[in-house]
Amino acid sequence: MSDTIARICKLLEPFNTNNAALSPQTDISTDLNIDSATVMDFVMEVEDHFDIELPLNVLAEIRTIAELAEAVEARTRKA
Amino acid sequence: MIDLLDKHRPIAERFARARSLGVNTIGVTNERMISPTRAIINGRETILAGTNNYMGITFDADCIAAGNAAMEKSGTGTTGSRIANGTYALHQELEEELARFLNRRHCIVFTTGYQANLGMLSGLAGPKDTIFLDADSHSSIYDGCTLSGAKLVRFRHNDATDLDKRLARSEGEEGGRLVVLEGIYSMLGDRAPLADFVEVKKNRGFQLLADEAHSFGVLGPNGRGLADEAGLEDEVDFVVGTFSKSVGAIGGFGAGNHPQFEVLRYAMRPYMFTASSSPASIATSLAAVKKLAAESWRRDRLRLNSARLFGGFKALGLDMGCDVVSPVIAVKCPDEVTALGMWHALLTAGVYVNIAVPPGTPNKLCLLRCSVSAAHTDAEIDRIIELFGEVVAAGHGRKVVNG
């Protein structure tokens, strides 16, 4: 597991209230049963942890932890 | 073949669960309206404490007469959009009256408040711009942002420092920046700390839009909203508001002093491609805005009523959404089942309030949301407090649900 994915999983812990097993292929919304507003709150934590901007329109394209990690890495590289 | 409606199964199951508890939150019908604060619901006379009818102006004789006269004179509907055959002298008169009331050079009227946000946000921001919106923004703001195609950055609720941090991250990017706030937030009743945001605006530079949906007609010495109350109207570039709350009708507006403001009429699809408001609706709005301007006692009465309900709830020890008196007074419930039970018990006992549950609420809160009206009598407010004491403070919600 990449460092980014591990860090995202750590940030996801407080939101994973059902303690579902996390993998890169986990769908953040449907597999973890997290509603749309809570997903946005989680992404705010990700933005602050990595000090990047993940606009909501980018978020609309992201479903899995791996996809989120990819978006985070693309933005940290840019910075 | 995949059934398109299958994706809604989780939400259908959630409502089925509520119905199995004997509670139908979205099936409330006002069988007959008696007054701005009373209706027959389930055959019983019920006090209405969740209508956003802040001024209680819906049954005002002058407003009704104005609506009737306009319908007699101009017909039942305009059958056209504002940019085709749907602009009547009445629409222009309302825009002029509102501009006067708001002390703004320009005002554009929309058919609903929802469309006012869709129109203003999509007209102001485009794909190259960035909109910074408060995390607790109303759905119409989120939808307007989506329609604009702009980059959307969400900042922590009422947190100017957090906005500043997010603005810093986007420095040097192309396009304009629009920050969106609300005067009073509809779920918890808290106000935006406008002075803090204005400080950030001075340092960073952006254009500011305030949605005064719940504060227009309510806050400030002139009733113009939060910016009026805070004495910071010059710092707010664009104001959005609705006629479905303090104005007691339906419709919305966008206003501002920008010299190019009128061009928005040709750049806002939710303005251009919908029929304009009916003559009756425009005329009642016009009559109501004139009353808001002339009758400041309505705001005073609303403030007194809000303080009475707030004080009563505080004395009961209820956990409230915010610690400042506001016409929106939300009571926190421990969980959804308890909230459903308490809401149902309150309705059965004779008071209608709004129930609000995630994801429609911030921080996963389950709320019993009251909105106060200037038309509430002291006796009605006291009865609402009494029933909250019997049901909510005594924790009877769960018991009722379980029969």
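B:Pro359 is found in the loop of chain B that lies between strand 13 (354-356) and strand 14 (366-371); here helices (H or I, at least four residues) and strands (E, at least two) are DSSP runs, numbered from the N terminus. The peptide bond that leads from B:Pro358 to B:Pro359 is cis, with omega near 0°. In general, most peptide bonds are trans, and most residues other than glycine have a negative phi.

The model is a predicted one, in which local features need pLDDT of at least 70 and side-chain atom pairs count only at pLDDT 80 or more, while totals for chains, interfaces and linings use all residues. Residues are numbered from 1 along each chain as its sequence is written, and chains are lettered from A and ligands numbered from 1 in the order in which they are written.

Chain B as a whole may be considered next. Chain B contains 14 helices and 14 strands. Its radius of gyration is 21 Å, close to the 22 Å that the globule rule gives for 403 residues, so chain B is as compact as a globular protein of that length. The radius of gyration is taken over C-alpha atoms, and the globule rule is 2.2 Å times the number of residues to the power 0.38. Along its principal axes, the C-alpha trace of chain B spans about 60 × 55 × 55 Å. Of the 403 residues in chain B, 53% are buried. A residue is buried if 20 or more other C-beta atoms lie within 10 Å of its own, exposed if 12 or fewer, and partly exposed in between, with C-beta atoms placed from the backbone.

The sheet comes next. Seven strands of chain B form an open sheet in the order 4-10-9-8-7-5-6, with mixed pairing; two strands pair if DSSP finds at least two bridges between them. Its edge strands are strand 4 (106-110) and strand 6 (151-155) of chain B, each of which pairs on one side only. From one strand to the next, the twist averages 20°. Axes are lines fitted to C-alpha atoms, for helices over the stretch in contact, and angles run from 0 to 180 degrees between N-to-C directions. Helix 6 (residues 160-169) of chain B packs on the sheet and touches strand 5 (130-134), strand 6 and strand 7 (177-182) of chain B. Residues are in contact if their C-beta atoms, placed from the backbone, lie within 7 Å. The direction of helix 6 makes about 150° with that of strand 6 of chain B.

Within the sheet, strand 8 (residues 207-211) and strand 9 (residues 238-242) of chain B run parallel and are joined by three bridges. B:Asp211 has B:Val240 of strand 9 as its bridge partner. B:Val240 also has B:Gly254 in strand 10 of chain B as a bridge partner, and strands 9 and 10 of chain B pair in the antiparallel sense over five bridges. Strand 4 of chain B likewise pairs with strand 10 in the antiparallel sense over five bridges, with B:Cys107 opposite B:Ala255.

Strand 10 (residues 252-256) of chain B is largely enclosed by the rest of the structure, because five of its five residues are buried. B:Gly252, B:Gly254 and B:Gly256 point one way from this strand, whereas B:Phe253 and B:Ala255 point the other way.

Definitions and conventions: Two residues are in contact if their C-beta atoms, placed from the backbone, lie within 7 Å.
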